[in-house]
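Biologist: I have a model open and want to go through it with you. Can we take it piece by piece?

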Amino acid sequence: MNTIAPTAVPRWKTALNMIINPGEVVKNQMTKVPWPYSLMVSGLSFTLFFLQTGLDLMRNGQIGLSTVILITMLGLLYGTAGIALLAVMVWALSQAAERNITMEWAISSFALGYSATFVYALTGLIFSLTLGWKTAVAFGVTGVLWALRPNLFTIKQMSGERTAFSIAMTTLCGAILLLGWALLGKFGA
Amino acid sequence: MEMRLGYAEGAGPDGVKFWPVYLCFVIFGIMIPFTKPEFKILTLLFSLLISLVVGFLAVNLLIAAFKSGNAALREANGQFAREAVKNGMLFMIPFTVLAILAQFILGWNAVMPFASAAIMTAAATAGTEVMKKGAQGIKNVMIPSVLAFVLSTGWMMLTGILP
């Protein structure tokens, strides 16, 4: 008889695993991650991403420091309320409740998918601050693209492994995020 | 013409279609010349050729890697690798659509980050698909990722030196 109790995986490891092996995390580990923690990850990711957008615009002389702060706050809103709304939309469209998947699970899994965005955004910010590079597109957008894979697995899980639906929804979510970012950047400028 | 060598009895490739995958590579190949300062037909032709070669290598090297690393699965189902690669590589579609959006609607002039993320994600997803079919070991995720990294890096370098 196996008497060894399974060790709990730390949440930061789960967040990193979401980048490397999202299929496993979505299937087996997401029930242990509370949605506020996941929203904190996505919120931080978009805050840093939007901060870089603001810094890029400021370097171009298009905006001042106060607008950079405004854009950064918009990023926080985008990464928390925006991502939660997106998750709820996909949850509803995929009729995930019929598969006993809760809205909280959907928000948590969707938001934790932005761990990769956080890594990219943090790296980009370091390059932006130390070398003065314009990093919003190179690091920020790439980070958002890398979040599509975890999102895809989350949507697959919610939709009962429907491939065509998952591809369509992942595309829609990616398009909403990128268009939203482009529009908010213009609004901030 | 497709060769049927290496398939288990009765397990032909008829049900596994790769055209959506190659279409994604073709679309990337068409978009790349638009990121250059000046659009040239010669650039388009080279770009299409490179994209198709990268696509062909990605699909076939992944199939070969999965087959060589999972002998037991190969015995049970000769098509498992083709099915997994097809299912995984289909996930290039969202990146391709978003690249079109970024290039032609948002005017970002940044096709290669999308292409790179597409190939990396699709290859890793193919690895996950193989594991769903019963393959064991992290090698089924690591090898596709390394392969995709090499191919996408090569693709980016060749794109950089296009005429």
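Biologist: Which helices do the buried residues of H4(B) pack against?

Modeller: They pack against helix H1 (19-31), helix H2 (41-69), helix H3 (71-76) and helix H6 (111-132) of chain B. Helices are DSSP runs of H or I with at least four residues, strands are runs of E with at least two, and both are numbered from the N terminus. Two residues are in contact if their C-beta atoms, placed from the backbone, lie within 7 Å.

Biologist: What should I know about the model and its numbering?

Modeller: This is a predicted model, in which local features need pLDDT of at least 70 and side-chain atom pairs count only at pLDDT 80 or more, while totals for chains, interfaces and linings use all residues. Residues are numbered from 1 along each chain as its sequence is written, and chains are lettered from A and ligands numbered from 1 in the order in which they are written.

Biologist: Back to H4(B). Why is it largely enclosed?

Modeller: Eight of its ten residues, in the stretch 80-89, are buried, so the rest of the structure largely encloses the helix. Buried means that 20 or more other C-beta atoms lie within 10 Å of the residue's own, exposed means 12 or fewer, and partly exposed is in between; C-beta atoms are placed from the backbone.

Biologist: Which residues are those?

Modeller: The buried ones are B:Phe80, B:Ala81, B:Arg82, B:Ala84, B:Val85, B:Lys86, B:Gly88 and B:Met89.

Biologist: What does B:Gly88 touch, sequence neighbours aside?

Modeller: Beyond four places in sequence, B:Gly88 is in contact with B:Ala122, B:Ala123, B:Thr125, B:Ala126, B:Thr128 and B:Glu129. B:Gly88 counts as buried because 23 other C-beta atoms lie within 10 Å. Its C-alpha atom is 8.3 Å from that of B:Thr121, 33 residues apart along the chain.

Biologist: And B:Val26, buried or partly exposed?

Modeller: Partly exposed, with 17 other C-beta atoms within 10 Å. B:Val26 is in helix H1 of chain B and touches B:Leu48, B:Ser51 and B:Leu52, leaving out residues up to four places away in sequence. The C-alpha atoms of B:Val26 and B:Leu52 are separated by 6.5 Å.

Biologist: Switching to the interface. How many residues of chain B are in contact with chain A?

Modeller: 21 residues of chain B are in contact with 18 residues of chain A. Helix H5 (93-105) and H6 of chain B are the elements that give two or more residues to that side of chain B. The residues there divide into 17 nonpolar, four polar and no charged. Nonpolar here means Ala, Val, Leu, Ile, Met, Phe, Trp, Tyr, Cys and Pro, charged means Asp, Glu, Lys and Arg, and the others, Gly among them, are polar.

Biologist: What does B:Phe114 touch?

Modeller: Not counting residues up to four places away in sequence, B:Phe114 touches A:Leu145, B:Phe95, B:Leu98, B:Ala99 and B:Ala102.

Biologist: Now chain A. How many helices and strands?

Modeller: Chain A has nine helices and zero strands. The radius of gyration of chain A, taken over C-alpha atoms, is 17 Å, close to the 16 Å from the globule rule for 189 residues, so chain A is as compact as a globular protein of that length. That rule is 2.2 Å times the number of residues to the power 0.38.

Biologist: What percentage of chain A is buried?

Modeller: Buried residues make up 53% of the 189 residues.
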